[in-house]
Amino acid sequence: MGHVPPPEACLASPSNDRAFPDIGLGPFFGGSVERRRMADNKPLSSKPGFVLVPPETTGILFSNQLRESLGLTQHVFQNGSGVAAGDIDGDGRPDLLFCAIDGTNRLYRNIKDWQFEDITEKAGVGCAGMHSSGAVFADLDGDGDLDLIVNTAGNGTLVFLNDGHGHFTRAPFLLNPGRAGESLALADTDGDGYLDLYVVNYRFSALMDVLSPGRFTFKVVDALVGADGPTEPGALHF
Ligand SMILES: [Ca+2]
Ligand SMILES: [Ca+2]
Ligand SMILES: [Ca+2]
């Protein structure tokens, strides 16, 4: 990784593109392209720090909602989901994918000036009902565009190939089947030029869900002596 200038040299400045540091992200994560066009996202304030841009301005209306009835019977879903950022159409502006744990993922294309459009349907990355827990953009096949990996809780890890214009096709294989992927990391660990994938899994069922009513039956084989006298052997249902 190259030298990273001090923070004051990293402030966005449309008039001075050289103010953006090359932090060595490279083409895998679209770093070099995004660096060229970051000036399109003009700073909203001259002061250091962050400014909240409301959804009414950005057009990003995604909310990761979880039905109470589902969350109470599958507590793993309460861990929530992640967000991925990357320039999926090569226009130089980073786009955003929000994963839905109980619904449909939403992909927002960065138009410019902090405005986004929802292109989920034509991009083909909704993964409806798949319980998506996280995602990452990376150029998996080395053709210069960002592909997509989506972790799910219970439905495996999905791979989508980008056509270079932000349209994705799901690869005909499933990684990590039946597991609850929580996090992802990519690196060329063996130096063969291809990115390798590390998936962090979490348990798919919490103990409190396993012991939900009707799932288990225990049989009392010995009489117990309580305040009300001996308890007859029988069955206890949980
Ligand atoms: Ca873009
Ligand atoms: Ca690619
Ligand atoms: Ca490799």
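The legends below describe close-up views of one predicted model. Local features are given where pLDDT is at least 70 and side-chain atom pairs count only at pLDDT 80 or more, while totals for chains, interfaces and linings use all residues. Residues are numbered from 1 along each chain as its sequence is written, and chains are lettered from A and ligands numbered from 1 in the order in which they are written.

**View 1. Overall content of the protein.** The secondary structure comprises five helices and 14 strands (DSSP runs numbered from the N terminus; helices are H or I with at least four residues, strands are E with at least two). Of the 238 residues, 25% are buried (20 or more other C-beta atoms within 10 Å of the residue's own; exposed means 12 or fewer, partly exposed in between, with C-beta atoms placed from the backbone). Among contacts between residues at least 6 apart in sequence, 44% join residues at least 24 apart (a contact is a pair of C-beta atoms, placed from the backbone, within 7 Å).

**View 2. The largest nonpolar core.** This core has 29 residues (a nonpolar core is a set of buried Ala, Val, Leu, Ile, Met, Phe, Trp, Tyr and Cys residues joined through C-beta atoms within 7 Å). Leu97, Val125, Ala135, Leu148 and Val150 touch the most other members. Strands that each supply at least two core residues include E2 (95-98), E5 (132-138) and E6 (147-152). Beyond four places in sequence, Ala135 touches Gly82, Ala84, Leu97, Cys99, Leu148, Ile149, Val150 and Asn151.

**View 3. The open sheet E5-E6-E7-E8.** Its four strands pair antiparallel in that order (strands pair if DSSP finds at least two bridges between them). E5 and E8 (168-170) are the edge strands, each pairing on one side only. Neighbouring strands are turned by 25° against each other on average, direction ignored (axes are lines fitted to C-alpha atoms, for helices over the stretch in contact; angles run from 0 to 180 degrees between N-to-C directions). Six bridges join E5 to E6, and Val136 stands opposite Ile149 in E6.

**View 4. The open sheet E1-E2-E3-E4.** Four strands pair antiparallel in this order. E1 (83-86) and E4 (115-118) each have a single partner strand, so one side of each lacks a neighbour in the sheet. Antiparallel E1 and E2 are joined by four bridges, with Val83 opposite Phe98 in E2.

**View 5. Surroundings of Gly71.** Gly71 lies in helix H3 (residues 68-71). Gly71 is partly exposed because 15 other C-beta atoms lie within 10 Å. Outside four places in sequence, Gly71 contacts Leu66, Phe77 and Gln78. The C-alpha atoms of Gly71 and Asp102, 31 residues apart along the chain, are separated by 9.3 Å.

Key: Two residues are in contact if their C-beta atoms, placed from the backbone, lie within 7 Å.
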